[in-house]
Amino acid sequence: RALHYGSGQKIHGFTVEQVTAIPDLFLTAVKLSHDNTGAQYLHLARDDSNNLFSVQFRTTPKDSTGVPHILEHTVLCGSEKYPCRDPFFKMLNRSLSTFMNAFTASDYTMYPFSTQNAKDFQNLLSVYLDAVFFPRLRELDFWQEGWRLENENPTDPKSPLVFKGVVFNEMKGAFVNNESLYAQFLQNKLYPDHTYSVVSGGEPLAIPDLTWEQLKQFHATHYHPSNARILTYGDLPLEQHLKQIHEEALSRFQRTKPDTDVPPQPHWDKPREHHVTCGPDALAPDPTKQNTVCMSYLLGDITDTFEAFTLNLLSSLMVSGPNSPFYKSLIEPKIGTDFSSVVGYDGSTKEASFSVGLQGIAEKDIECVKHIIGQTIDDIIANGFEEERIEALLHKLEVQMKHQSTSFGLTLASYVATSWNHDGDPVELLKISENVTRFRQCLKDNPQYLQEKVKHYFKDNTHRLTLSMSPDESYFEQQEKAEAEKLKQKVEALSDNDRKQIYEKGLELLSIQSATQDASCLPALKVSDIQRTIPVTPVEMGNAGGVPVQYCAQPTNGMVYFRALCSLNTLPDDLKLYVPLFCNVITKMGSGGMDYRQQAQQIELKTGGMSVSPEVIPDPADLDMYEQGIILNSSCLERNLPDMLHLWSDLFNSAHFDDEARLRVLVLMAAQELSNGVSHSGHMYAMLRAGRTLTPAGELQEAFSGMDQVKFMKRIAEMSDLTAVLRKLPRIKKHLLNPENMRCAVNATPQQMSAVSTEVEKFVGVIARKKKDRKVARLNVIEKPLDPMAGSGFIPGSGASRKLISEPTFKPCQMKTYFQLPFPVNYVSECVRTVPYTHQDYASLCILGRLVSAKFLHGEIREKGGAYGGGARMGSGGIFAFYSYSAFRNGVEWAKAGQFSQQDIDEAQLSVFSSVDAPVAPSDKGLNRLLYGVSDEMKQKLREELFAVTHKSLTDVANRYLGIGQRTCGVAILGPANESINKDPSWVVR
């Protein structure tokens with residue numbers, strides 16, 4: 001339909017500029033501009049019901065007060081047509097959106113949402129347009145979201161004044177993470193002459209310099225249609241979008257000339273060096289090696305689409321995978337643990353950059369690393385790249401284009417955002433095949449094409465920054481001192497009258513936050529708008545040489561997806577902690593006749609990736625039963641299926657475990673990645689630990705993915721000799737990669753199914769069976785039929801089954817654990833053991849989690865506490881979890897007392913259904929059934945129970961499961977030293 005539009009055609013105040021079919025991505029791009037304001041518009045018409053809208057503004061701050069970030073928060077606090085407080089968070093519970101958020105980048109701010117429901121799309125569009133173009137921007141909202149001075153206890157005027165505010169706290173948290181700190185600094189120093197030299201998200205100590213007036217001024221100049229780019233995607237008709245956007249927003253504006261252009265960064269005539277300090281990493285594998293050094297080069301303008309495409313490919317050739325020159329020269333000598341947190345091509349600024357360096361190095365090795373980088377660039381210019389590596393990379397692009405993700409619209413919007421922001425042509429970016437063809441031609445015409453680029457952009461480039469970072473024991477202390485100093489300056493400048501006003505304003509804010517809010521002005525879907533039944537996903541069960549295989553025919557666009565679950569029931573206990581490491585390295589050590597480099601090359605050339613991960617699967621019907629295994633995951637183009645399965649069978653029959661040096665490289669990288677991730681995922685680590693003693697599955701989940709695993713990998717990385725670890729890997733493989741205890745799932749197009757099943761049968765026929773000595777490690781194993789709907793007539797041993805571990809004598813116990821880590825924030829979680837997926841109370845607990853999060857904790861934690869993030873949720877393993885930076889007993893009391901209305905319940909239902917009904921990609925359809933034992937019928941039953949939840953059932957489950965005495969709960973905290981906990985014998989301090 002979109003192809004019928006013609007250039008110059010006028011529609012609802014817009015003019016069509018160009019219409020382009022992009023067959024690679026199965027879409028048609030329609031470019032328009034708004035007649036009155038010049039607003040730019042791109043519509044991507046595609047047969048996809050998950051429709052997306054996004055509006056972005058070029059926001060180029062000149063200081064680090066975080067004005068674009070605070071504005072992004074504040075515009076979402078009420079607008080002209082929707083004057084209630086916080087319409088954005090309220091819409092999360094009044095819509096079936098599949099995505100709703102807002103982002104502040106270095107030079108643009110973007111507001112995207114997506115939904116599968118047409119009425120919902122109009123509702124959300126109306127709220128978003130009003131929020132960005134006509135926000136109220138009240139002073140109190142600026143105080144709540146940005147920063148304020150307030151009495152520590154707002155009701156006590158004698159308590160000391162402190163800084164509060166959501167963005168202030170969020171950025172304090174962001175600056176704890178050494179990786180983000182480094183990336184921020186790198187950008188500021190490589191582009192020192194304009195907007196990229198400041199922190200767009202806000203530097204914690206600069207945030208309190210921002211005034212309310214400056215915020216309003218920034219909105220007036222930047223949030224104007226003449227400075228906007230609007231994108232819509234999906235199968236809804238374009239005219240309807242244009243009409244609504246023109247009538248509700250754009251028609252009220254006249255064209256302006258926004259002064260938001262980013263000028264090119266003046267080129268340096270000689271390279272520069274900088275040094276930055278950070279907090280020490282308590283989990284670093286080697287405390288004496290915590291330095292980072294990296295070299296960054298300024299490249300060309302990203303709006304030159306083909307040059308940017310070439311440099312991006314060139315960057316991958318230089319740093320991606322074990323065959324790349326920088327991997328060989330920097331990673332393999334084990335000078336550090338991994339590449340620096342910023343590595344490779346970065347096109348997120350007007351002029352791109354390329355960075356390469358190492359983290360986890362000793363101070364004495366910094367000079368050596370700089371020398372290696374220069375040497376490696378010379379080697380690349382001399383030797384170029386192997387043709388097969390270039391082919392592998394172009395193959396990867398082909399796979400990425402064919403893979404159907406559920407958030408394709410969001411992916412495209414983010415992909416074009418940066419270049420379009422600087423007036424690059426977004427449609428050119430989508431013509432990926434044309435770029436590939438042109439790239440091949442350049443290589444053909446000039447075999448030295450890539451080497452010449454390396455010489456120009458790296459060897460001869462004087463705009464080069466070398467940035468080193470080292471830990472300082474007193475870093476956090478200095479940060480605290482600086483904040484105290486800033487506070488002192490602010491407080492000393494206050495008159496008595498100012499203090500009185502601060503106290504009164506604090507009380508006013510508190511009373512607004514505590515008042516019952518009227519959200520009736522906001523549009524909402526009704527529970528009756530939700531589909532009563534779910535579409536059934538047809539699957540066919542087959543059998544390949546005794547291995548159960550589930551075939552699911554889907555429109556996969558020429559891709560084949562292969563998964564297998566292998567049980568670890570026969571694995572001895574002493575090897576359990578090593579399973580995540582085994583999964584991480586099994587596809588990276590070589591197999592058959594290939595060393596790890598050749599193997600990596602084949603995986604790139606023939607597949608969309610091959611990975612293995614540990615899985616603990618709680619039984620849907622019993623909290624004391626679970627399945628334990630590893631999942632093999634891979635995908636490929638149809639033509640490469642035999643090759644991909646051959647790569648897997650090589651791993652089953654002849655994986656290599658003989659290279660201690662290679663294992664050490666992988667161990668150091670894994671340990672570094674885990675330790676870097678703790679401050680990012682503090683809540684997740686707290687929840688896993690809090691739930692550890694509540695179910696048998698919890699213990700294993702903590703061992704595989706919790707703090708236990710982080711500490712374990714730190715210990716392994718500290719070992720001087722890994723031979724003992726190396727010897728354990730073939731033992732683990734013998735137990736895990738064995739067709740005796742495996743089941744598979746294949747998703748492919750219907751036309752391919754018979755060819756696919758032939759290949760899978762061949763694969764199973766080739767892999768070796770090892771029947772002898774496979775005793776189940778002293779476990780109580782229960783067999784259940786693989787078909788969740790088989791009912792009670794199943795005879796163990798008679799057919800395809802899941803072998804579950806049962807611990808009928810398991811006794812949950814209370815445990816409080818505290819991990820002392822040098823963070824300025826606490827990550828807290830409290831978990832309660834409740835009921836499994838199929839229990840009749842499960843639905844009420846799901847709704848209760850959403851209700852407590854949205855109606856109680858959101859106000860307590862985020863608005864009053866000014867903390868960023870927190871909530872409650874029901875997990876499929878029967879654990880009800882609270883998580884936040886603060887405490888939450890009151891949330892339970894609130895729920896038990898039933899202080900919520902029918903409207904609140906309806907909203908929580910909508911919110912739960914929007915996640916229950918989140919779109920599933922063709923590659924993942926049917927997986928719940930095979931892997932987790934959850935059938936469409938079970939999902940339908942839960943659906944009916946979710947519809948049936950009442951006020952009574954909610955207060956009932958709150959009292960029954962969450963009340964004191966009724967429950968067994970676990971608590972965990974990750975955070976700074978705490979005297980009172982250290983003295984309290986009920987806490988285990990780690």
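Is phenylalanine 103 buried, partly exposed or exposed? Phenylalanine 103 is partly exposed, with a relative accessible area of 31%. The legends below walk through this and other close-ups of a predicted model.

**View 1. A stacked pair of rings, phenylalanine 57 and tyrosine 223.** Welcome to the aromatic pairs, of which the structure has 31. In this one, the ring centres of phenylalanine 57 and tyrosine 223 are 4.4 Å apart, with 15 degrees between the planes. Phenylalanine 57 belongs to strand 5 (residues 51–58), while tyrosine 223 is in the loop between helix 7 (212–222) and strand 11 (228–234), so the pair ties together parts that are 166 residues apart in sequence. Both partners are buried: phenylalanine 57 has 0% relative accessibility, and tyrosine 223 has a relative accessible area of 2%.

**View 2. A tilted pair, phenylalanine 99 and phenylalanine 103.** Here the planes stand at 35 degrees and the centres are 6.3 Å apart, so the pair counts as tilted. Phenylalanine 99 is partly exposed, at 22% relative accessible area, and phenylalanine 103, from the opening question, is partly exposed too, at 31%.

**View 3. A cluster of rings and two charges over rings.** Ring pairs join Phe53, Phe88, Phe89, Phe113, Phe121 and Tyr128 into a cluster. Elsewhere, look for lysine 216 over the face of tryptophan 212, 3.5 Å from the ring centre. Arginine 532 places its charged end over the ring of phenylalanine 947, at 3.7 Å from the centre.

**View 4. Cysteines without disulfides.** The number of disulfides in the structure is zero. For cysteine 278, the nearest cysteine sulfur belongs to cysteine 294 and is 14 Å away. Cysteine 278 is buried, at 2% relative accessibility. Cysteine 744 is also in no disulfide, and its nearest cysteine sulfur, from cysteine 566, is 7.5 Å away. With a relative accessible area of 0%, cysteine 744 is buried.

**View 5. The largest nonpolar core and another one.** Which residues touch the most other members of the largest nonpolar core? They are Met318, Phe326, Phe458, Ile630 and Trp648, out of 138 residues in this core. Helix 9 (residues 305–319) supplies the largest share of this core, with nine residues. Zoom in on phenylalanine 458 and, leaving aside neighbours within four places in sequence, you will find contacts with Tyr297, Leu299, Leu314, Met318, Phe354, Ile377 and Lys453. Another core lies apart from the largest one and has 100 residues, including Val30, Val75, Val127 and Tyr827.

**View 6. Arginine 85, a buried residue in a loop.** The loop in question runs between helix 1 (67–74) and helix 2 (87–92). Arginine 85 has a relative accessible area of 9%, so this residue counts as buried. At 3.1 Å, its side chain reaches the backbone oxygen of isoleucine 512.

**View 7. Threonine 406 in a loop between two helices.** Threonine 406 is placed between helix 12 (387–402) and helix 13 (408–421). This residue is partly exposed, with 27% relative accessible area. Beyond its neighbours within four places in sequence, threonine 406 makes contact with Asn50, Pro919, Val920 and Ala921. As for valine 971, which is 565 residues away along the chain, its C-alpha atom and that of threonine 406 are separated by 35 Å.

Technical notes. Residues are numbered from 1 along each chain as its sequence is written. This is a predicted model: local features need pLDDT of at least 70, side-chain atom pairs count only at pLDDT 80 or more; totals for chains, interfaces and linings use all residues. Side-chain values use heavy atoms; hydrogens and water are left out. Rings of Phe, Tyr and Trp (its six-membered ring) pair if their centres lie within 6.5 Å; planes under 30 degrees apart count as stacked, over 60 as edge-to-face and the rest as tilted. Helices (H or I, at least four residues) and strands (E, at least two) are DSSP runs, numbered from the N terminus. Buried means under 20% relative accessible area, exposed over 50%, partly exposed in between (1.4 Å probe, protein chains only). A charge sits over a ring if NZ of Lys or CZ of Arg is within 6 Å of the ring centre and within 35 degrees of the ring normal. A disulfide is a pair of cysteine sulfur atoms within 2.5 Å. A nonpolar core is a set of buried Ala, Val, Leu, Ile, Met, Phe, Trp, Tyr and Cys residues joined through side-chain atoms within 4.5 Å. Contact means heavy atoms within 4.5 Å. A polar contact is a pair of N or O atoms within 3.5 Å; within protein, one must be able to donate a hydrogen and the other to accept it, and residues adjacent in sequence count only if both atoms are side-chain atoms.
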